[in-house]
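Dear colleague,

Please find below the structure that I am handing over to you, with its sequence.

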Amino acid sequence: MNSPVVRRTVPSVKIASEDGLEAVDPELSKHEQVKVHLVAALAKMQVGDKLPPERELAEQFGVSRMTLRQAIAGLARLGYVSRAPGAGTFVAQPIVSKSSELTGFSEDMAARGFTASSRLLVFEYVSADAAASRELMLSVGEMLVHIERVRVADGLPMCLERIDLPARYVPGLTGDDLNFSLYDVLATRYGIKLLRAEQSISASVVTEDQATLLGVPTRSSALIIERLGFDQKHRPVERARSIYRGDRYDLRNTVHRDAG
Ligand code: 16G
C-alpha cells in the first residue's frame, strides 16, 4: 500500500533546462521529447511536489499547451505524476509492481496499458564461461547468445537487461527479433515456454553508464533481479539480469501462513 502523499507547492520551479529540448532524441515526437525531459526533471523533485501550471511549462519548453497536455497525460498513465482536478499536477509515487508471477517485460507493460519496446545494445555469440555453463547445464565453451537491451515503456527507459540463451535452442535468432518480446519469439518460433524461474533480488545503485541509459542521475537506486528460467521440459533456457529503476519499481508478493 502506498503511504499518503504530502503535497507541496514548490515556488517557481524551472523545469526545462537551459538547452530546452535540444538534448533529447530529435526522432521522438514533440510530446515524447517533453515527456523525456520532464522525467529527468521529476527525478530531482520529491513525491508530492507540485508542477508549475501547464501554461508556464508550455512556455518553458516552447511547445503548445496541447503538446504539453499530451506529455503530462502520458506521464500520468505511467504513474510519474498524478493530476488532481482543480489542484494541479503532482509528482507521484513509484507504480510498477513486479509480482511473483513469471512474466516478461512486454507482458508487465501491456498489463498496465503501456507499449513496450527495446533498444538493442549488444547481440553476440559468446562461449559459456564456467558459471554460465553450470547454471544453463552446458559444456564449458558451448555457444551462448548474449543480449543486452534497454527496455522502454511508452518511450521511457525502465530497465536494462543482460540475457544469455544457449545458442543451440534458438538457431537463427537475430538482433531484429529482439526489438520485441523475447518470450513471444521463444514461444512462437522455438516452442520454448518459460514456466518456472529461480530468482534473486537485490538492491543497488546505477553506475554512470547505466544512469545514462536509464535517464536517471548516477547512483540512483536500482532493483536487480537475476533470473534462471526453465521451460516446459525443465531445461534451464534463460539466464538474465535485469536492472530496474528504483524510482519506478517495487515488488509485491502474497505471503501465506499455515492456518493450523
Ligand atoms: C523481463 C525478465 C527477463 C526477460 C524479459 C522478457 C525479469 C526479472 N526479467 O525483463 O528475464 O528476458 O522480461 O521480456 O522479470 P520480453 O518478452 O518483453 O522480451
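This is a predicted model: local features need pLDDT of at least 70, side-chain atom pairs count only at pLDDT 80 or more; totals for chains, interfaces and linings use all residues.

Helices (H or I, at least four residues) and strands (E, at least two) are DSSP runs numbered from the N terminus. R162 counts as partly exposed at 42% relative accessibility, whereas E148, at 18%, counts as buried. Here buried means under 20% relative accessible area, exposed means over 50%, and partly exposed lies in between, computed with a 1.4 Å probe on protein chains only.

Residues are numbered from 1 along each chain as its sequence is written, and side-chain values use heavy atoms, with hydrogens and water left out.

Overall composition

The chain has seven helices and twelve strands. Of its 260 residues, 45% count as buried. Among contacts between residues at least 6 apart in sequence, 61% join residues at least 24 apart; contact means heavy atoms within 4.5 Å.

The six-stranded sheet

Six strands form an open sheet in the order β6-β7-β8-β11-β10-β9, and their pairing is antiparallel. Two strands are taken to pair if DSSP finds at least two bridges between them. The edges are held by β6 (116-127) and β9 (194-205), each of which has a single partner strand, so one side of each is left without a neighbour in the sheet. On average, neighbouring strands of this sheet are turned by 15 degrees against each other, direction ignored. Axes are lines fitted to C-alpha atoms, for helices over the stretch in contact, and angles run from 0 to 180 degrees between N-to-C directions.

β6 pairs with β7 (residues 143-153) in the antiparallel sense over eleven bridges. Within this part of the sheet, V126 stands opposite L144 in β7.

Which residues of α2 are buried? They are L57, A58, Q60 and F61. Seen down the axis of α2, these buried residues fall within an arc of 160 degrees, so they line one face of the helix; the arc is that of the directions from the helix axis to the C-beta atoms. The cover over them includes α1 (30-42) and α3. Just after α2, G62 takes a positive phi of about 65 degrees.

The axes of α2 and α3 come within 9 Å and cross at roughly 105 degrees. The two helices are therefore roughly perpendicular to each other, a term that covers angles of 65 to 115 degrees, with under 35 counted as roughly parallel, over 145 as roughly antiparallel and the rest as oblique. In the contact between them, E54, R55, L57, A58 and F61 of α2 meet R65, L68, R69 and I72 of α3.

Further salt bridges

The structure holds 13 salt bridges. In one of them, the side chains of E54 and R69 meet at 2.8 Å, N to O. E54 lies in α2 (residues 54-61) and R69 in α3 (residues 65-78), so the pair ties together parts that are 15 residues apart in sequence. E54 is partly exposed, with a relative accessible area of 25%, and R69 is partly exposed at 39%.

E198 forms a salt bridge with R196, with the closest N and O atoms 2.6 Å apart. E198 is partly exposed, at 44% relative accessible area, and R196 is partly exposed, at 38%. Salt bridges that share partners also join E54, R65 and R69 into one network.

The surroundings of E135

E135 has its place in helix α5 (residues 130-135) and is partly exposed, with a relative accessible area of 31%. Leaving aside residues up to four places away in sequence, E135 touches L228, P236 and R239. E135 and E238 are 103 residues apart in sequence and 9.4 Å apart in space, C-alpha to C-alpha.

With kind regards

Notes. A salt bridge is a side-chain nitrogen of Lys or Arg within 4 Å of a carboxyl oxygen of Asp or Glu.
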